[in-house]
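Please examine the sequence and the model shown here before reading the report.

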Amino acid sequence: MAKMVAPATATKARRELERAVVRFAGDSGDGMQLTGEQFTTESAWAGNDIATLPNFPAEIRAPAGTLFGVSSFQLQFGSQRVYTPGDRLDCLVAMNPAALKVHLADLKPGGLLIVNTAAYDKRNLDKAGYAANPLDDAALAERYRLHKVDMTGLTLEAQKDLPLNAKEKDRTKNFFALGLVSWIYTRPLEPTLDWIGKKFAKSKDVAEANTRVLKAGHAFGETAEIFSEHYTIEAAEMPPGLYRAMTGNRALAWGLLAAAERSQLPIVYGAYPITPASSILEELAMHKRFRIRTIQAEDEIAAVTAAIGASFGGAIGVTGSSGPGIALKGEGIGLAVMAELPLVIFNIQRGGPSTGLPTKTEQADLMQALYGRNSESPIVVIAPATPGDCFYIAYEAVRIAAKYMVPVMVLSDGFLANGSEPWLIPDPSTLPATNVEFRSEQEGFFPYLRDPATLARPWVRPGTPGLEHRIGGIEKQDVTGNISYDPENHDHMVRTRAEKVRRVAQEIPPTSINGAATGDLLVVGWGSTYGSITAAVERAQADGKSVASIHLRHLNPLPPDLGHILREYRKVLVPEINSGQLVRMLRAEYLVDAVGFNRVRGLPLMSDEIYEAINQLIGERQ
Amino acid sequence: MSSLGTGAGAAAAPKYTKKDFESDQDVRWCPGCGDYAILSAIQKSMPDLGVPRENIVFISGIGCSSRFPYYMNTYGFHTIHGRAPAIATGLRLARPDVKVFLVTGDGDGLSIGGNHMLHILRRNVDVTILLFNNRIYGLTKGQYSPTSELGKVTKSTPMGSADRPINPLAFALGCGATFVARTVDRNIPHMDAMLKRAALHKGTAFLEILQNCPVYNEGAWNVVYEKESKLQFELRLEHGKPLLFGPPDDRRAVIMDGVVPTVVKAKDVPESALWVHDEKNVNAAKLIADLFAPDFPVPIGVLSAIEGPVYEDVLLEQERRAISDRGPGEIAKLLTSGDTWKI
């Protein structure tokens, strides 16, 4: 991409920063998600590395001005590798008093605080629970670099001769904020101007309004006396290649498309709408050309069983949901274990139990994934580390499920699902092959005859002459597949199903260690905490600490080299967004005295707090 | 009859006999169970479908009836309680070239799987559903079912059940089923005819089979079993024929009195006042579905047979159109589409 430069702004001092953390916060109706997404695109154009954190209420149209109706979008962008959306904010845009109240505590002292003064009226102050206008408190301006801007007034002024009603005009004020913050951080406006042109191609006045307001915000930064300086962030050193912004859910969907193309098999995706998994169904429904067949099922149980029916028919059956839906799918997953059919299950974890925090993130379904079914019901469990990694993990899930005739659960979460990162586009031909062979040979056929290497039984498509057979949920004799209540056979089958899952360890590459192969402390993570952990560990390493980290993609079976690696460090720290699930597995499996770091707030872990936990654990005496 | 012609292999369907559809498994229903007669009738009807054996799949849930697939020498999947309709839906979407039968019971299909039954019927997935209705839970040893009569005394309802029964035919019609019929396990020729009609229907065919459980609910359908009451109450539905029933010397007719079905002596009404059965008239079928002894006859036969869009046909046509309009998907192109930038 050609270097994009914002309109000339030579008159004010420009300071170079290595990274910055910005959060746009406002009412649900203020368009903060769109503002954040556009700012992300601008930063991607500027060549920065990026991590984002959208955060919105579960209510679709929460009452305006309330604390629980606040919606925000945070991103960190930098000229170095960016692992997380950032802990503390360099800049907070608070479009109303409720947004200020909810988010101010996260702003660094001395940070930029930009408010829309027009929204700080008595009504909104009351709704946010402010007895007096906090903007009048001198302490606020002392503690932060407070910029009071009448965004509403300036927005209306910029479009005063346009034939739009007051409400339509007011609605564009988020682009004033976007223009202003784009000026502050020297972001190119082109991608947003392009977006406006495409989005509002059919309504010229609305396009004109948004364009003018965006530019007005930008010009305001340039000309208003209140901003004395602004910033640049150099392009990051990233591996060369073609990039795109990628969210976790889209990456999961596209990973399935890649698997459908490579395997030459149709994929049937059964799902019931549930936050934060629904966008996978919506994305897949757009790509019928890939022979992806989506069923919006009547419930979670139908979603998983339709997928199993498809697998029985010789397609790849996939279902996706979040924790409460996974609970309902439990019996169906057990059927796939018993029938030994391929099945891929996406669990986009969210805060729980029960309905919990539908729009917030959590990692507390690990035990559910491993043990959340009746009896001995082992399945393969894998987890992506970043939004872009979801592409590879979905592809891998299909490959393993088909090769081993086994259910594979993917543990993503709300943070990965909605978060995005600049993603180096892979060459799909470099993905490992998924060669599915259906049995058609009649000689010597039995439904539960096993491949010696994988223990997989043959996959036979109905329609294959001479191989008519019956399978089901009742225990069966190994090899013949006939119903069997024989005690020894059952014991043998329980072990065989477990061993089949264990053999997936053959697929796991050597664990990559971030740091020295031996030392004082090893930090072990899985899933979406990759960024927070890596940033904390690299900071501690820069301090000279003897710390390393590993991040597990395979949770069942665990990597074969894990036991050995754990013993090469004096201490083991396991940060998780749950009350200690992987740490229990590691302690039970390897008899190591691993220590958990656990916060369950519905938010990603902060890199700062992991850094502190590292220091604390290293500082402790043996 | 015309053959079903499912799949490319249909033309090559060999000449089968009943024996070709018998599996090597021992049949394990109780002696005297109505399921034996149904199994035999289905095995016997299979050669007439004109479908190669390998293109036939039997799907079932849980319950006595759901053991059925093990006894058919076709492809079969004995799944979990109530979920067979969803399994069958996924299978049809993956494999529109195979003929799918679904075997279920009153508990499996109308209680634990009631929701899935509703949705397969409204979607009109091309599946032939055989619901064995014995008005009792047999496999769990004798609790009342959703079709048991109010006040039914069973192990779980020692003082009588408190829930009113559901009528499978009325349920199916209410769900928008495009084919609804009823037959009786002890009427082999009628069952044979109904099985064929159901199997040949395009879309979801719902066939209720009144079935006797000699162990836990003996005689539940005596009204259509015993010679005398059968003569009095059985109403054979035939397209284009009036709703007439009863012995030759006492023929009676069901007619419409306003919007209320009423039984009258046949000889007392002019021919023009008779209710002529029309399988295409779903509203009339909904009234017929509710007729039952002793105030009315017991209708058997095809209540309703209409055409409707088939779920998987619609979806697969969308897929074909998407591919013919824009070509098959290519992941390499998709990955580099839209906003990208070079570093």
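The model is predicted: local features need pLDDT of at least 70, side-chain atom pairs count only at pLDDT 80 or more, and totals for chains, interfaces and linings use all residues. Residues are numbered from 1 along each chain as its sequence is written, while chains are lettered from A and ligands numbered from 1 in the order in which they are written.

Chain A places 58 residues in contact with 50 residues of chain B (C-beta atoms, placed from the backbone, within 7 Å). The helices (DSSP H or I, at least four residues) and strands (E, at least two) are numbered from the N terminus. Among the elements of chain A that each supply at least two residues to this side are α1, β9, α10 and α13. The most comes from α12(A), with nine residues. The side of chain A that touches chain B divides by class as follows.

| Class | Residues |
|---|---|
| Nonpolar | 31 residues |
| Polar | 16 residues |

Strand β17(A) runs parallel to β2 (residues 75–78) of chain B, joined by three bridges; pairing requires at least two DSSP bridges. In this pair A:R470 stands opposite B:G76.

Within chain A, the axes of α10(A) and α11 (residues 278–285) come within 9 Å and cross at roughly 45°. The two helices are therefore oblique to each other. Their contact includes A:L252 and A:L256 of α10(A) and A:I280 and A:L284 of α11(A).

Terms used: Two residues are in contact if their C-beta atoms, placed from the backbone, lie within 7 Å. Ala, Val, Leu, Ile, Met, Phe, Trp, Tyr, Cys and Pro count as nonpolar, Asp, Glu, Lys and Arg as charged, and the others, Gly among them, as polar. Axes are lines fitted to C-alpha atoms, for helices over the stretch in contact, and angles run from 0 to 180 degrees between N-to-C directions. Angles under 35 degrees count as roughly parallel, over 145 as roughly antiparallel, 65 to 115 as roughly perpendicular and the rest as oblique.
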